[in-house]
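Have the viewer ready and follow along.

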Amino acid sequence: MSKQYPITISSWTLGDKCTFEERVKAAKDAGFEGIGLRAETYVDALNEGLSDSGILGILKEYGMRVTEVEYIVQWAEENRSYEQKYKEQMCFHMCELFGVAHINCGLMEAYSVEYTAQKLKELCARAGHLIIGVEPMPYSGIPNVKRAWEIVDASNCENAKIILDSWHWLRACQPVELSVLEGIPAEKIVSVQINDVYERAYAQNVLRDESMHDRLAPGTGCGNTEAFCRMLKEKGVKPLAFGVEVISDKILSCGVAEAAAYNYENTKKVLEHAWPEILSE
């Protein structure tokens, strides 16, 4: 498995009902090199009675790493809640604790490019040396890659970058073609997440429900995950984390160990054909 592009099981793929050790063990046994943690799942681990040193101890015991941290939201609000301010600081702390260089960030609210870019610039300043990865989502205020790049580019911040998720890409009705990424430097794509989709999308007003409950494992739907991976490989993307984000009630109902194994095996099949370098040492 690649040490440079660690194959990571994103936090939501294993839900929020398992213990921290169950999460780590399931990921390790399945073949993943890293796990993703949201601020919420990190706090859940603390609520179990674990300390930071205890969390690091479990990771060391299983030979695993945290390789993805998320999720800062509402960062463009004029008057941000203390909850969101605390969450942002928690993400900064998690990055320092686990040695993660980037944070996944989304924005549900829609503002102008100029205003959003200014707020992104402020977030990047607070983040310091950490990379802020802006994730376009079709039901959000940053619905597609084009808008994400307009905002990132206008922020003029070295540590402002983009995260690309194949589910969000496809549900934004973007063709899986390099032309969509024209003008975006490969180094401005900080990480990647893959999954798959059904042929028919949920209605637009409930599309987020599909995203949060009904995704498919890579290569098991009609989204052509292989083509998505080949596109990014050809672009020259070098992701800091290669995430597998399959948020699926059905898959998870079989248990965290089974969900991890199923998602890894299907991810491996996709990468063997489309991006074998990710699998290599």
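Helices (H or I, at least four residues) and strands (E, at least two) are DSSP runs, numbered from the N terminus. This is a predicted model, in which local features need pLDDT of at least 70 and side-chain atom pairs count only at pLDDT 80 or more, while totals for chains, interfaces and linings use all residues. Residues are numbered from 1 along each chain as its sequence is written, and side-chain values use heavy atoms, with hydrogens and water left out.

- On a 1 Å grid over the protein atoms alone, a cavity is a set of points where a 1.4 Å probe fits but cannot get out, a pocket is an open set with protein on both sides within 12 Å along at least five of seven lines, and lining residues have an atom within 4 Å of a point.
- Searching the whole structure turns up 1 cavity of 30 Å³ or more; a volume here is the space filled by probe spheres set on the points, which are joined across faces, edges and corners.
- The largest cavity has a volume of about 40 Å³.
- Its lining takes at least two residues from each of β6 (160–165) and α7 (166–171).
- Among the residues lining the largest cavity are Pro136, Pro143, Leu164, Asp165, His168 and Trp169.
- By class, this cavity lining has 6 nonpolar, 3 polar and 1 charged residues (Ala, Val, Leu, Ile, Met, Phe, Trp, Tyr, Cys and Pro count as nonpolar, Asp, Glu, Lys and Arg as charged, and the others, Gly among them, as polar).

**The open spaces**

- The largest pocket holds about 380 Å³ of space.
- Of the 23 residues lining the largest pocket, Trp12, Tyr71, Val73, Arg208 and Met212 lie nearest its centre.
- Two or more lining residues come from each of β3 (65–72), α4 (82–98) and α8 (207–213), and α8 gives the largest share, 3 residues.
- The lining of the largest pocket divides into 9 nonpolar, 5 polar and 9 charged residues.
- For the second largest pocket, the volume is about 240 Å³.
- Trp12, Gly15, Asp16, Asp249 and Leu252 are the closest to the centre of the second largest pocket, out of 14 lining residues.
- At least two residues of this second lining come from each of α8 and α10 (249–252).
- The second largest pocket is lined by 7 nonpolar, 4 polar and 3 charged residues.

**Helix packing**

- Two packed helices are described by the angle between their axes and the distance between the axes.
- Axes are lines fitted to C-alpha atoms, for helices over the stretch in contact, and angles run from 0 to 180 degrees between N-to-C directions.
- Helix α9 (residues 225–235) packs on helix α11 (residues 256–274) at an angle of about 50°, with the axes 9 Å apart.
- α9 and α11 are therefore oblique to each other (angles under 35 degrees count as roughly parallel, over 145 as roughly antiparallel, 65 to 115 as roughly perpendicular and the rest as oblique).
- Where α9 and α11 touch (contact means heavy atoms within 4.5 Å), the residues include Cys229 and Arg230 of α9 and Val270 and Leu271 of α11.
- Helix α1 (residues 20–30) and helix α3 (residues 52–62) pack at about 25°, with their axes 10 Å apart, and are therefore roughly parallel to each other.
- Phe20, Glu21, Val24, Lys25 and Lys28 of α1 meet Ile55, Ile58, Leu59, Glu61 and Tyr62 of α3.
- This α1 and α3 contact has 6 nonpolar, no polar and 4 charged residues.
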